[in-house]
Amino acid sequence: MRYLIFGTGAIGGYFGGRLLQHGHQVNFIARGKQLAAINKNGLKLNSLKGDIHLPKGSGSHSIKSELLYDGMFIAVKSTQLAQAAADIIKKCSPHTVVVPLLNGVDIEQKLIAYGLKPQQIINAFANIICKVSDYGVIEHSGGEPHITLGVRAGFHNDSELTHINFVIEQIAHDFKVAQVNVSIKTDITDALWAKYLFVAPWAAISSLVEQPLGAIRANKSCLTLLHYLIDEYQLIATAQGANVSERVIENIKKGLELLPPASKTSMQHDVEQQRANEFDTLIESAYTLSKKYALNTPILNTCYGCLLVKLGSN
């Protein structure tokens with residue numbers, strides 16, 4: 001299969017790089033200095049799973065019209081999703097599937113609103129702690145690299161599912177060959193929410209205090225706030241019809257205890273560098289749902305208001 005990685009930051013660079021390393025056809029969409037570095041020096045992965053230096057010249061500023069892609073992974077920030085979808089729609093062939101790797105629980109609905117069709121979309125998310133440490137360099141510092149693929153129940157009709165499930169199996173096979181762990185969900189809804197509950201509350205707290213996870217864990221009051229915020233996000237998930245059990249919540253909290261002390265969320269990195277970030281998807285979306293269902297979420301409300309001030313939003 002031929003793959004396009006639309007957005008060659010940490011997530012797109014790592015997983016696309018592993019596919020390219022193991023012989024798959026992969027092209028990367030990047031911008032500015034990141035694109036220049038990839039084409040001049042190649043893409044470098046410094047990883048707990050082994051360092052690699054990939055050949056130069058695999059990046060471009062726009063999608064090459066002469067190439068037909070089987071799978072297009074979207075790995076941009078949520079603020080860039082609309083433009084990414086507009087670019088991708090123009091270059092999708094009838095058999096192309098689009099696989100978003102953004103954090104969030106409403107990404108496929110946004111893609112539909114931007115013009116994609118249900119039969120073109122496979123839902124997915126990535127688990128890994130990584131960052132762009134320099135232009136063209138991805139640093140994987142924690143977490144076992146893992147991709148979860150699937151669909152939401154009722155999102156596709158039966159004929160669409162036949163094709164989608166076949167493609168999911170092909171993508172999963174390619175990732176396994178690339179030594180990336182893969183899970184397939186017949187209904188990915190609960191897994192999406194579990195991932196959201198892992199990253200979104202942590203992103204809210206870490207972006208406010210701008211400290212790594214180890215410092216948050218070391219401060220009892222800050223850690224307690226994080227745990228309460230996870231519980232509030234669970235209320236939102238339940239109101240939305242997801243099944244996030246107490247056991248899942250316990251595993252999320254334990255998982256945060258096991259990550260390296262220097263771990264940071266991608267939103268925190270962006271806030272510290274004053275770049276576009278995932279506030280809309282990780283905090284604002286949850287806040288809006290809390291208001292919709294009239295839930296008691298005082299920690300979320302406080303984080304939302306403080307981050308509005310911190311980020312200079314209106």
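This is a predicted model: local features need pLDDT of at least 70, side-chain atom pairs count only at pLDDT 80 or more; totals for chains, interfaces and linings use all residues.

Residues are numbered from 1 along each chain as its sequence is written, and side-chain values use heavy atoms, with hydrogens and water left out.

**Exercise 1. Find which residues of helix 5 are buried and which are exposed.**

Step 1: Locate the helix. Helices (H or I, at least four residues) and strands (E, at least two) are DSSP runs, numbered from the N terminus. Helix 5 covers residues 158-177, 20 residues in total. From first C-alpha to last, helix 5 reaches 29 Å, close to the 28 Å expected at 1.5 Å a residue; the expected span is 1.5 Å times one less than the number of residues.

Step 2: Sort the residues. Buried means under 20% relative accessible area, exposed over 50%, and partly exposed in between (1.4 Å probe, protein chains only). Glu160, Ile164, Val167, Ile168, Ile171, Ala172, Asp174 and Phe175 are buried. Viewed down the axis of helix 5, these buried residues fall within an arc of 160°, so they line one face. The arc is that of the directions from the helix axis to the C-beta atoms. On the other side, Asp158, Ser159, Thr162, Phe166, His173 and Lys176 are exposed.

Step 3: Look for the cover. Among the elements covering the buried residues of helix 5 are strand 1 (2-6), helix 1 (10-21) and strand 10 (181-185).

**Exercise 2. Work out the strand order of the open sheet of 5 strands.**

Step 1: Follow the pairing. Two strands pair if DSSP finds at least two bridges between them. The order is 5-2-1-6-7, with parallel pairing.

Step 2: Check the edges. Strand 5 (59-60) and strand 7 each pair on one side only, which makes them the edge strands.

Step 3: Zoom in on one pair. Strand 6 and strand 7 are joined by 4 bridges, and Gly71 stands opposite Val97 in strand 7.

**Exercise 3. Count the disulfides, then examine Cys222.**

Step 1: Count. A disulfide is a pair of cysteine sulfur atoms within 2.5 Å, and the structure holds 0 of them.

Step 2: Check accessibility. Cys222 is buried, at 13% relative accessible area, and Cys130 also counts as buried, at 15%.

Technical notes. Contact means heavy atoms within 4.5 Å.
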